[in-house]
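Let's take a walk through a protein model, one stop at a time. Have the sequence and the 3D view ready, and follow along.

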Amino acid sequence: MWMSKLARCALPSLQRSTSAMACQALRACCRPGPAATPVPFRMTAMQIRGHQTLGSASLSLARHSVRHVRALDEERLMEVEWGDGDHSLYPFTWLRDNCQCPLCTLQSARARLLLLSDLNVHTGVDAVEITNDNKVSLVWPDQHISVFDAEWLKKRCFSPTARQAMQEELFLNERYYFDSKLRIPTADYQEVLHDDKAALAWLLALRRVGIVYLKGAPAEQGQVARLAERIGYLRLTFYGHTWQVQDKPMANNVAYTSGKLSLHTDYPALHFAPGVQFLHCINQAVKGGESEVVDGFHMAEQLQREDPEAFRTLTSLHIDFTDTGTDYCDFMLQSKKRIIDVDSEGRVVRINYNNATRESVLDLPLHQVQRFYQALKAYVDIMNRPENVVTYVMEPGDIVTFDNWRLLHGRRSYVSRPDRLRHLEGAYLDWDEVMSRLRILRRTVHGDM
């Protein structure tokens, strides 16, 4: 059952005890390099229950014991030798900055009390030892004492492997790239609302795959708000807390027409675009209106492989976006975005592209204009290849949830009747709220990690 494997693979803190088959699935599905062939799966109730069993069974986490500890005064480092023979190094300054005593840390908020102005960044240590309960104790030159739990230290080891593992546990950065063969993971709306394990599986798949379908919601307004309450709160924008995708006279957005919507991300005209989008089908069109989605990260990887110069162009040039109108209130937005955002290591982290709101003002030197158009056309052409586009039809009661920083979505043109008008209700959230709820659900379901 692929949901079981995906859910186990999606929990980096559980990878230590996953089976060889699950780890193989992780390598196939979630590696950050070239995309693997997508493996179809559905998050059925039975598979969610299977995930619960597998998830709880995989929590036999080994405790780390400290065998030896010493201060390396010249390097101003503390060296820990662990029971398994591994070694970790910790800077004195970092240890003093992160003292866990009540004078230095407010434990109820997990917040630092020690002021940076009071921190001696050149501090030494007077003594370091292992306590009877296998913790590490340091005595500082001013005789202040810091005591650190072995597990706490081990997770914060400065080795590249440990740092990568910690970042993966905190942010779930690995992605499962997909193309047109993807069967969108699907869960039950009511189970997600009322069962923590189902909600966790939903958010893990949303983070890893980028899109999850929820079925069984009432075909009436208000359901995206209920779903958002499961996470935290809605993102208010100039279109309101929620918004109604319907044919509207004098439409203030191309989505409020019956024409085709090209593949796009929502709201690049905002400097901080919403991270997650919900769309709930209340009524479907008489004809047409099929939804389309592509994996923007996967498409960017293909562009980099096929046309490196185009990739460099779209990751370096800032393009203007605009949005003007009246809805929740009147608005006149302007922003400058790279079409493809990458981090300091060159990994794609966000797509910013909406052809409808791309500004006619193009703040580029004359010699870069044609290069920009050629690069953008190359990227859009890759997106529109049939082998890359996932097409699906929403029925009343369906809710699609997806990553607006990663996926580009579109819609085919449609025909409605007065007695059967196409009607979707939409809402936004930010990834900060979604990841916060995911971490809380993971702690609730699997224990503090």
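Start with a pair of residues: isoleucine 211 has phenylalanine 402 as its bridge partner in β21. Before going on, keep in mind that this is a predicted model, where local features need pLDDT of at least 70, side-chain atom pairs count only at pLDDT 80 or more, and totals for chains, interfaces and linings use all residues. Residues are numbered from 1 along each chain as its sequence is written, and side-chain values use heavy atoms, leaving out hydrogens and water.

Strands here are DSSP runs of E with at least two residues, numbered from the N terminus, and two of them pair if DSSP finds at least two bridges between them. β10 has another partner too, strand β9 (residues 186–188), which runs parallel to β10 and is joined to it by 3 bridges. Look there for aspartate 188, standing opposite lysine 215 of β10.

So how enclosed is strand β10 (residues 211–215)? Of its 5 residues, 4 are buried, so the rest of the structure largely encloses this strand. (Buried means under 20% relative accessible area, exposed over 50%, and partly exposed in between, using a 1.4 Å probe and protein chains only.)

Now hop over to the loops. Arginine 110 sits in the one between β4 (105–106) and β5 (111–112). Its phi is positive, about 50°, although arginine 110 is not a glycine. With 64% relative accessibility, arginine 110 counts as exposed.

Glutamine 143 is in the loop between β7 (136–139) and β8 (145–148). Here phi is near 75°, a positive value in a residue other than glycine. Glutamine 143 is exposed as well, at a relative accessible area of 52%.
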